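This note is written to accompany a first reading of the structure shown below. Please keep the display open while going through the numbered points.

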Amino acid sequence: MKYEKLSKNALYCMYMAGILTAVVVIAILGAVNYFWIFPKDIEIGKWISLALLILIGIDALISPVFRYHRYRYSINEECIDIQEGYLFVKRHIVPIERLHKLETAKGPIDQIFKVAKVVVTTAGGDVTISFLDEKKAEQIAESLRRRINEIVVEQRRENGEE
């Protein structure tokens, strides 16, 4: 099975999302320090906050690289296979005949970096192929839609409905 990798735009998008998340978490940490730890002069709280600040910064710089290099997907006639993760790698395998719904989606950060997601819905839930170039996402959605239509036609023939 040949796996596809993501474009560099995906890496930049991951970095932007990681940095924005880090900024929000650091702001919350700063508010906790300002309103609770510093007025009560909790020394251990200051050290814990410093350690958290360092860990958040390291995570914002390192996690996108790991996620980018570990993310891969494959689509063939039978299934969609997605591998993703940072510390723990997850693998999603979805049989094509189980697909119920397809959609493409783009968030605000995705739009900046011209990437999109293909969300496939099955009876068991949703699976997302993330960080695809916009054109690639549209091509994947279209090819999956055609394949689903072929399966429906085949099933109707087998059931004698045509």
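**Notes on the fold and selected residues**

1. Read from the N terminus, the elements of the protein chain follow the order α-α-β-β-β-β-α-β-β-α. The protein chain thus holds 4 helices and 6 strands; helices (H or I, at least four residues) and strands (E, at least two) are DSSP runs, numbered from the N terminus.

2. The structure is a predicted model, in which local features need pLDDT of at least 70 and side-chain atom pairs count only at pLDDT 80 or more, while totals for chains, interfaces and linings use all residues. Residues are numbered from 1 along each chain as its sequence is written, and side-chain values use heavy atoms, with hydrogens and water left out.

3. What are the overall dimensions of the C-alpha trace along its principal axes? The trace of the protein chain spans about 80 × 30 × 25 Å. The radius of gyration of the protein chain is 21 Å, whereas a compact globule of 162 residues would have one near 15 Å. This radius is taken over C-alpha atoms, and the globule rule is 2.2 Å times the number of residues to the power 0.38.

4. Of the 162 residues of the protein chain, 31% are classed as buried. Buried means under 20% relative accessible area, exposed over 50%, and partly exposed in between (1.4 Å probe, protein chains only). The accessible surface of the protein chain is about 10,600 Å², and carbon and sulfur atoms account for 60% of that surface. Such areas come from the Shrake-Rupley method with a 1.4 Å probe; for residues, only the protein chains shown count as cover.

5. Among contacts in the protein chain between residues at least 6 apart in sequence, 48% connect residues at least 24 apart. A contact means heavy atoms within 4.5 Å.

6. Strand 2 (residues 79–85) pairs with strand 3 (residues 89–95) in the antiparallel sense, over 7 bridges. Two strands pair if DSSP finds at least two bridges between them. The link from strand 2 to strand 3 is a hairpin of 3 residues. Q83 has R91 of strand 3 opposite it.

7. For V120 and L102, 18 residues apart in sequence, the C-alpha to C-alpha distance is 4.7 Å.

8. G57 belongs to helix 2 (residues 43–70). With a relative accessible area of 28%, G57 is partly exposed. The C-alpha atoms of G57 and Y3 are 31 Å apart, and the two residues are 54 residues apart along the chain.

9. K114, in the loop between helix 3 (108–113) and strand 5, is not a glycine, yet has a positive phi of about 55°. K114 counts as exposed because its relative accessibility is 51%. F131, in strand 6 (residues 125–133), is also a residue other than glycine, and its phi is positive, near 60°. F131 counts as buried, at 14% relative accessibility.
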